Amino acid sequence: MSNNYQIETKCIQSGWQPKQGEPRVVPIYQSTTFKYDTSEQMGRLFDLEDSGYFYTRLQNPTNDVVAAKICDLEGGCAAMLTSSGQAASFYAIMNICEAGDHIVCASALYGGTYNLYAHTIKKMGVEATFVDPDASEEEIGAAFKENTKALFGETISNPALVVLDLEKFARAAHAHGVPFIVDNTFATPINCRPFEWGADIVTHSTTKYMDGHAMSVGGCIVDSGNFDWEAHHDKFKCLTEPDETYHGIVYTQKFGKSAYIVKATSQLMRDLGSIQSPQNAFLLNVGLETLHLRVPRHCENAFKVAQYLKGHEKVAWVNYPELEGDKYHELAKKYLPNGSCGVLTFGIKGGRDASVTLMDNLKLAAIVTHVADARTSVLHPASHTHRQMNEQELIEAGVQPDLIRFSVGIENADDIIADLKQALEMV
Ligand SMILES: *Cc1c(COP(=O)(O)O)cnc(C)c1O
């Protein structure tokens with residue numbers, strides 16, 4: 001797609017460009033397999049000598065169109081869809097790590113990502129060191145080791161709402177010859193494009209704002225094409241030396257700037273198989289067509305709700321990066337000048353019990369595990385996602401016992417506030 005188009009146009013037009021007489025809307029290629037005329041042609045696909053479709057576990061046209069749209073929105077050069085955000089986080093790391101390797105991560109992370117990096121990949125021999133996102137560049141640098149292969153963080157962390165200093169993290173990664181990988185789920189490319197601040201690879205849980213309607217679980221990995229794997233050949237031999245499972249192909253030589261995504265598709269997707277279903281990719285594409293309309297409204301509504309809560313006598317505290325005085329307000333002004341996201345967190349005076357009372361009295365806002373869709377939703381991590389932890393463990397995990405995660409939808413803000421008002425009266 002022409003890079004001259006504005007992001008709103010890309011949301012609608014990127015990805016699918018039908019030719020004469022083809023469907024205007026991307027079709028759902030609901031087919032596991034694709035037909036060829038000669039055995040030779042099919043063989044060349046298996047050798048990665050020709051590009052083309054042969055089996056949906058590796059590639060599917062619907063998925064590729066939607067990946068291309070997200071790639072364009074992020075300003076990347078290659079992208080792939082995955083079955084979930086978790087699969088994207090897993091592949092993004094395991095594409096360049098193997099047993100004996102190490103990664104550095106900002107500690108303010110989505111709980112699922114924390115479990116994956118702290119525990120599950122550890123069992124596969126890849127260790128993670130977690131650094132305070134507010135640490136100095138020197139302190140972050142001190143976490144790197146000889147075998148470190150990547151630095152990872154979230155643009156806006158879920159649920160702590162820490163805004164990452166992307167330039168600081170990019171400098172730390174590049175000073176140590178590794179790519180900086182950013183989970184951009186909460187900001188979306190509408191509010192922040194991490195490649196513009198030095199990130200090399202971006203991941204998404206497309207389940208959230210991109211899908212936007214709580215309909216389909218999915219993920220995406222986008223490569224900027226900017227990281228020079230060959231300049232750091234000793235660390236990334238997996239990309240710069242022959243892959244014997246493809247008759248000795250060298251990804252960086254054969255695929256240039258797309259090397260990382262081609263490898264993730266042709267090795268990890270081939271062997272681990274976490275593909276997104278073409279049906280879900282189709283629904284995701286419908287969501288993407290209104291991303292540029294929904295995200296600003298989520299932010300506008302969340303700001304109004306945050307201001308209302310901030311001024312309420314029963315509310316102990318509110319976290320929202322756009323609020324004047326928020327710990328991350330300055331970073332938000334720099335990296336998220338048009339708004340951050342629709343999620344905010346707050347606590348009620350009276351602690352945990354008061355928080356539960358408030359939630360049980362909400363009528364419009366529904367208690368669900370999900371965040372970042374059109375409907376306002378609410379969750380009390382201490383009672384739900386972090387239920388097994390005692391008070392001390394909750395505080396160590398950065399989840400205050402009274403913390404309510406409030407995902408502001410795109411209903412009328414006055415109705416959302418009225419719902420909170422009546423529930424607060426019951427506390
Ligand atoms: C939800 C989420 C994930 C995981 O995505 P799934 O699609 O649920 O697997 C990863 N990162 C962030 C920031 C998330 O909010």
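**Exercise 1. Find which residue ranges make up domain 1 and domain 2, and how far apart their centres lie.**

Step 1: The domain assignment of the protein places domain 1 at 8–287 and domain 2 at 293–424; such bounds come from an automatic or database assignment. Residues are numbered from 1 along each chain as its sequence is written. You are working with a predicted model, where local features need pLDDT of at least 70 and side-chain atom pairs count only at pLDDT 80 or more, while totals for chains, interfaces and linings use all residues; side-chain values use heavy atoms, with hydrogens and water left out.

Step 2: Between the C-alpha centres of domain 1 and domain 2 the distance is 29 Å. Domain 1 brings 29 residues to the contact and domain 2 brings 28 residues, counting heavy atoms within 4.5 Å as contact.

**Exercise 2. Describe the interface of domain 1 and domain 2: what area is buried, and how many salt bridges cross it?**

Step 1: Start with area. The size of an interface is often given as the accessible area lost when the parts come together. Here the two domains bury about 2500 Å², with 62% of it on carbon and sulfur atoms; the value is accessible area (1.4 Å probe) lost by the two parts, summed over both.

Step 2: Look at who contributes in domain 1. L161, N191 and Y209 lose the most area to domain 2, together 29% of what that side buries.

Step 3: Count the charged pairs. Two salt bridges cross the interface, each being a side-chain nitrogen of Lys or Arg within 4 Å of a carboxyl oxygen of Asp or Glu.

Step 4: On the side of domain 1 that touches domain 2, α7 (166–175) and α8 (188–191) each supply at least two residues; helices here are DSSP runs (H or I, at least four residues) and strands are runs of E (at least two), numbered from the N terminus.

**Exercise 3. Which residues come nearest to the ligand?**

Step 1: There are 15 residues around the ligand, and G85, D183, S205, T207 and K208 come nearest; a residue counts if one of its heavy atoms lies within 4 Å.

Step 2: Now check distances. A polar side-chain atom of D183 is 2.7 Å from a ligand nitrogen. For T207, a side-chain N or O atom lies 2.6 Å from a ligand oxygen, and for K208 a side-chain N or O atom lies 2.6 Å from a ligand oxygen.

**Exercise 4. Where in the chain do the partners E49 and K254 sit?**

Step 1: E49 and K254 form a salt bridge, with closest N and O atoms 3.6 Å apart.

Step 2: E49 is in the loop between α2 (39–46) and α3 (61–74), whereas K254 is in helix α10 (residues 251–255), 205 residues apart.

Definitions and conventions. Polar contact = N/O pair within 3.5 Å; in protein donor to acceptor, adjacent residues only side chain to side chain.
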